[in-house]
Amino acid sequence: IFKREIYDIFTELGFNRKEPIREQQPKPLPDRKELDDIIFNELGLTQEERDEVYWSVAELVKQRLDKAASR
């Protein structure tokens with residue numbers, strides 16, 4: 001992950017920004033998932049909690065980008 005291009009959060013997490021985030025299943029890039037799983041395992045998060053983290057992060061970023069675009 002350190003030697004590859006870093007993509008926008010939607011690509012990293014496998015979301016289409018133009019569709020409702022909660023209607024999509026998170027599909028993080030393989031190396032992103034591997035890194036995230038290390039942290040999530042340490043925190044003891046279930047798959048549902050992991051999905052919630054991905055959805056929440058993507059929704060917050062989308063809200064900020066939409067707000068910035070409306071100015």
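Predicted model: local features only at pLDDT ≥ 70, side-chain atom pairs only at ≥ 80, totals over all residues.
Mentor: Local features here need pLDDT of at least 70, side-chain atom pairs count only at pLDDT 80 or more, and totals for chains, interfaces and linings use all residues. Residues are numbered from 1 along each chain as its sequence is written, and side-chain values use heavy atoms, without hydrogens and water.

Trainee: Where is E12 placed?

Mentor: In helix 1, residues 9–13. Helices are DSSP runs of H or I with at least four residues, numbered from the N terminus.

Trainee: Why is E12 called buried?

Mentor: Its relative accessible area is 3%. Buried means under 20% (1.4 Å probe, protein chains only), so E12 is buried.

Trainee: What makes the pairing of E12 with R4 a polar contact?

Mentor: The two side chains come to 2.8 Å. The definition asks for N or O atoms within 3.5 Å, one able to donate a hydrogen and the other to accept it; residues adjacent in sequence count only if both atoms are side-chain atoms. The backbone nitrogen of Y7 also lies 3.0 Å from a polar atom of the E12 side chain.

Trainee: Why are helix 2 and helix 3 called oblique?

Mentor: Their axes, lines fitted to C-alpha atoms over the stretch in contact, cross at roughly 120° and come within 11 Å. Angles run from 0 to 180 degrees between N-to-C directions. Under 35 degrees is roughly parallel, over 145 roughly antiparallel, 65 to 115 roughly perpendicular, and the rest oblique. The pair is therefore oblique.

Trainee: Which residues of helix 2 and helix 3 meet?

Mentor: K33, D36, D37, F40 and N41 in helix 2 meet R50, V53 and Y54 in helix 3, with contact meaning heavy atoms within 4.5 Å.

How values were computed:
Helix = DSSP H or I, 4+ residues; strand = E, 2+ residues; numbered from the N terminus. Buried < 20%, exposed > 50% of the residue type's maximum accessible area, 1.4 Å probe, protein only.
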